[in-house]
Amino acid sequence: MIEASGLARTFTGRHGTVEAVRGVDLRIGPGEIVGFLGPNGAGKTTTLRMLTTLLAPTAGSATVAGHDLRGDPAGVRRRIGYVAQGGGTDPAVPAGEELDLQARLYGVPDPRERITKLCARLELEGMLDRPAGALSGGQRRRLDIALGLVHRPPLVFLDEPTTGLDPQSRGNLWEHIRRLRGEDGTTVFLTTHYLDEADALCDRIFIIDHGRIVAEGTPAELKRRVAGDVVTLDLAGGPDGAARARSALSGHPAVRQATVTGGTVRLTVEDGDQALMGLVRALDAAGADLVSLRLSRPTLDDVFFTVTGRSLRDAA
Ligand SMILES: Nc1ncnc2c1ncn2[C@@H]1O[C@H](COP(=O)(O)OP(=O)(O)OP(=O)(O)O)[C@@H](O)[C@H]1O
């Protein structure tokens, strides 16, 4: 559904040159929900705008929904839906009118039937007479998505679909996105800087940082392949105690990475369950004063930390 090779975009302005996207390769199959995850300024929106023909790449090539991005941008546009950050609805215009206009713009053959079905699917029945500005945040996002889907595109791009929504509306929107894929087989490409969103919703994730893809896989694969398990140790004696513990453990065969923050050591280890006793013995032998110890399965934040050396929350 998407095949991109070396896609890149450089911006040149008065303040110099910004390499926003530095060569992105993507292969995305039909019916996948794919998340493009990264901190602010990583290049997510720029990639999305290239894939949706809104911005010309400075290098690379791509086929999107069966059409060549550079050779046939109109063909790409007919076959995709695009829901921009914050949407594009006029707050004064009734939701039904927006949908009707969009359907006519795309020459949808059965506009009324299509709109009725979409509204049922996205729980927008009874909202069509209301101006978009009078809808709740969640309803408005669902209207934006309905607008992006009116012409039955097999591929839809959602730019940060849940930014600004409360936790309940976010969860509700995830349900709707899953259902769209389930019922219509729509391929969904979304950007997010929420790790939990990517984890809960996406079949596959690309992590982008400084314009490059730094990791790719299913959430489970990424957590397994990149991060191992996480062991967190709190030590008496503050940073000095933690530094001593780290040097006692850094040569241990199971330890892949060890970082100190204050009096805490964060270890990435292979097979945490198995390694734990050995780690405690090594700490004992070094005379480290252990206060507490936690073993956890990695989160996507741990993955991001492992591949970039910093936390996604700090980076954002
Ligand atoms: N039109 C532009 N002119 C100059 N620089 C730009 C332009 N658009 C984006 N950039 C720069 O390119 C980089 C990538 O921006 P982009 O908007 O793609 O990031 P992002 O990952 O979508 O971030 P966010 O999560 O904040 O939306 C940033 O450094 C940004 O400042």
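Visitor: At what angle do the axes of helix α9 (residues 238–249) and helix α10 (residues 272–285) cross?
Guide: The two axes come within 9 Å. This is a predicted model: local features need pLDDT of at least 70, side-chain atom pairs need 80 or more, and totals for chains, interfaces and linings use all residues. Numbering starts from 1 along each chain as its sequence is written. Axes are lines fitted to C-alpha atoms, over the stretch in contact for helices, and angles run from 0 to 180 degrees between N-to-C directions; for α9 and α10 the crossing is roughly 120°.

Visitor: How is α9 set against α10: parallel or oblique?
Guide: Under 35 degrees counts as roughly parallel, over 145 as roughly antiparallel, 65 to 115 as roughly perpendicular, the rest as oblique. The crossing is at roughly 120°. α9 is therefore oblique to α10.

Visitor: Which residues of α10 does α9 meet?
Guide: α9 brings Ala-245, Ala-248 and Leu-249 (contact: C-beta atoms, placed from the backbone, within 7 Å). The contact divides into six nonpolar residues, no polar and no charged. On the α10 side stand Leu-279, Ala-282 and Leu-283.

Visitor: How are α5 and α6 set: parallel or antiparallel?
Guide: The axes of α5 (residues 137–149) and α6 (residues 167–184) come within 10 Å and cross at roughly 25°. Therefore the two are roughly parallel.

Visitor: How many residues of the contact of α5 with α6 are charged?
Guide: α5 gives Gly-137, Gly-138, Arg-141 and Arg-142; α6 gives Ser-169, Asn-172, Leu-173 and His-176. Asp, Glu, Lys and Arg count as charged; Gly counts as polar. One contact residue is nonpolar, five are polar, and the charged ones number two.

Conventions: Helices (H or I, at least four residues) and strands (E, at least two) are DSSP runs, numbered from the N terminus. Two residues are in contact if their C-beta atoms, placed from the backbone, lie within 7 Å.
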